[in-house]
Amino acid sequence: MKATIHPKYVAAEIRCACGNVIKTRSTKPTILVGICNVCHPFYTGTQKFVDTAGRVDKFQQRMVKTQAAQAAQAASKKKKR
Ligand SMILES: [Zn+2]
């Protein structure tokens, strides 16, 4: 292996939203996922809503914030000119 061209390969944790932790190795120390083999309906065999944390709601909240920020930025640009 060449000395300086490779990224660090460290012990890593993959953390799922359901609380499951998978230990592995990666170039990143922690990886956050929304669904894993423990809680995915394909493996559990039960139907359930994945949107338990209200991801759609969170996205819409973020969208409103972004639009407000963009409007504020546009307003400040107009003032400068
Ligand atoms: Zn999971």
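**Entry 1: contacts of Ile-14**

I looked up what Ile-14 touches beyond its neighbours within four places in sequence, and found it in contact with Ile-22, Thr-24, Ile-31 and Val-33. I count a contact when the C-beta atoms of two residues, placed from the backbone, lie within 7 Å. The model is a predicted one, where local features need pLDDT of at least 70 and side-chain atom pairs count only at pLDDT 80 or more, while totals for chains, interfaces and linings use all residues. Residues are numbered from 1 along each chain as its sequence is written.

I placed Ile-14 in strand E1. Strands (E, at least two residues) and helices (H or I, at least four) are DSSP runs, numbered from the N terminus.

Is Ile-14 buried, partly exposed or exposed? I noted it as partly exposed, because 16 other C-beta atoms lie within 10 Å. The scale calls a residue buried at 20 or more other C-beta atoms within 10 Å of its own, exposed at 12 or fewer, and partly exposed in between, with C-beta atoms placed from the backbone.

I also checked Ile-35, which is 21 residues from Ile-14 along the chain; their C-alpha atoms are separated by 11 Å.

**Entry 2: the sheet**

I found an open sheet of 3 strands in the order E2-E1-E3, with mixed pairing. Strand E2 (21-26) and strand E3 (30-33) stand at the edges with a single partner strand each, so one side of each has no neighbour in the sheet. From one strand to the next the twist averages 25 degrees, with axes fitted as lines to C-alpha atoms and angles running from 0 to 180 degrees between N-to-C directions.

Two strands count as paired if DSSP finds at least two bridges between them. In general, strands of a sheet pair through backbone hydrogen bonds, either parallel or antiparallel. Here, E1 and E2 run antiparallel and are joined by 6 bridges. I read Ile-14 as standing opposite Ile-22 in E2, and Ala-12 as having Thr-24 of E2 for its bridge partner. The hairpin of E1 and E2 has 4 residues between the strands, and Gly-19 there takes a positive phi near 105 degrees.

On the E3 side, E1 (residues 10-16) pairs in the parallel sense over 4 bridges. Ile-14 stands opposite Ile-31 in E3.

I then looked at burial in E2: of its 6 residues, the number buried is 0, so E2 lies largely in the open.

**Entry 3: the whole chain**

I listed 2 helices and 3 strands, running β-β-β-α-α from the N terminus on. The radius of gyration is 21 Å, well over the 12 Å that the globule rule gives for 81 residues, so the chain is more spread out than a compact globule. That radius is taken over C-alpha atoms, and the rule is 2.2 Å times the number of residues to the power 0.38.

Along the principal axes, the C-alpha atoms fill a box of roughly 55 × 50 × 15 Å. Of the 81 residues, 0% count as buried.
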